[in-house]
Amino acid sequence: VPSKPKKQGEYKPSELRPLKTAEIDYFKTRGIAERTLFDAGVRGCTRWMPQTKEDTNTIAFQFIKGNKRVNTKYRTGKKEMAQDANAEKCFYNFDVLKAKPKRLHITEGEIDALTLMEVNFDNVVSVPDGAPNPTANNLDNKFSYFTEEAMKLFDGIKEVVLVTDNDENG
């Protein structure tokens, strides 16, 4: 039985499960096939969510860096989100940066990245927390995933395409 995450200490990834039929069907309505989800490491998880204050079925987006899961972002059917405690902030699909593509697409969210992957873009990353609110004060924290390591990986990339939503944040 999943329990409330710890507030401090070592990162301990949650136990994930294959996606349920209803979760796969949700992505199909967004034009994203099961194969793309599987290849991108999208899984399911029952975990304690701060918004519901109970164990809740979620979709789990694994943040993989160096072939190791360093964070997981969880999303409920009601678009409530949470991430693992004590996890590293990094781009979703981080390891694509190591391939030094000539063109890189950066999206505001994991589902946006999956949409591009579905139509055969393999040079896609997403920011971990969406685009910041234009009135946000603490942008240092909001961009903490853009580390020295990540900046160095951008050196060989010739073109960066920002794929944003049509809203104030985008």
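**Figure 1. Antiparallel pairing of β2 with β3.** Strands β2 (residues 54-65) and β3 pair in the antiparallel sense over 7 bridges; strands are DSSP runs of E with at least two residues, helices are DSSP runs of H or I with at least four residues, and both are numbered from the N terminus. Two strands are taken to pair if DSSP finds at least two bridges between them. Within this pairing, Phe63 stands opposite Asn71 in β3. The hairpin of β2 and β3 has 2 residues between the strands, and Gly66 takes a positive phi near 60 degrees there. The model is predicted, so local features need pLDDT of at least 70 and side-chain atom pairs count only at pLDDT 80 or more, while totals for chains, interfaces and linings use all residues. Residues are numbered from 1 along each chain as its sequence is written, and side-chain values use heavy atoms, with hydrogens and water left out.

Figure 2. Strand β3 spans residues 68-75 and is mostly covered, with 7 of its 8 residues buried; buried means under 20% relative accessible area, exposed means over 50%, and partly exposed lies in between, for a 1.4 Å probe and protein chains only. Strand β4 (residues 81-83) runs antiparallel to β3 and is joined to it by 3 bridges. Tyr74 has Ala82 in β4 as its bridge partner. The hairpin of β3 and β4 has 5 residues between the strands, and Lys79 in the turn has a positive phi of about 65 degrees.

**Figure 3. The open parallel sheet of β6, β5 and β7.** This open sheet of 3 strands has the order β6-β5-β7, with parallel pairing. Strands β6 and β7 (159-163) stand at the edges with a single partner strand each, so one side of each is left without a neighbour in the sheet. From one strand to the next, the twist averages 25 degrees; axes are lines fitted to C-alpha atoms, for helices over the stretch in contact, and angles run from 0 to 180 degrees between N-to-C directions. Strands β5 and β6 pair in the parallel sense over 3 bridges. Helix α3 (residues 110-118) lies across β5, β6 and β7, and runs at about 170 degrees to β6.

Figure 4. His105 lies in strand β5 (residues 103-107) and stands opposite Val124 in β6. His105 has a relative accessible area of 7% and is therefore buried. Leaving aside neighbours within four places in sequence, His105 is in contact with Leu116, Phe121, Asn123, Val124, Val125, Val161 and Val163, where contact means heavy atoms within 4.5 Å. His105 and Asn123 are 18 residues apart in sequence, yet their C-alpha atoms are 6.2 Å apart in space.

Figure 5. Ser126 lies in strand β6 (residues 124-126) and is buried, with a relative accessible area of 0%. The side chain of Ser126 makes a polar contact with the side chain of Thr107 at 3.3 Å. A polar contact is a pair of N or O atoms within 3.5 Å; within protein, one atom must be able to donate a hydrogen and the other to accept it, and residues adjacent in sequence count only if both atoms are side-chain atoms. The Ser126 side chain also reaches the backbone nitrogen of Gly109 at 3.1 Å. Not counting residues up to four places away in sequence, Ser126 touches Phe91, Tyr92, Thr107, Glu108, Gly109, Glu110 and Ala113.

**Figure 6. Aromatic pairs around Phe91.** The structure holds 9 aromatic pairs. The rings of Phe91 and Tyr145 have centres 4.9 Å apart and planes at 80 degrees, so this pair is edge-to-face. Rings of Phe, Tyr and Trp (its six-membered ring) pair if their centres lie within 6.5 Å; planes under 30 degrees apart count as stacked, over 60 as edge-to-face and the rest as tilted. Phe91 in the loop between β4 and β5 and Tyr145 in the loop between α4 (139-142) and α5 (148-153) are 54 residues apart, and their pair links distant parts of the chain. Phe91 and Phe146 also form an edge-to-face pair, at 5.7 Å centre to centre and with 75 degrees between the planes. Phe91 counts as buried at 1% relative accessibility, whereas Phe146 counts as partly exposed at 32%. Phe91, Phe143, Tyr145, Phe146 and Phe154 form one aromatic cluster.
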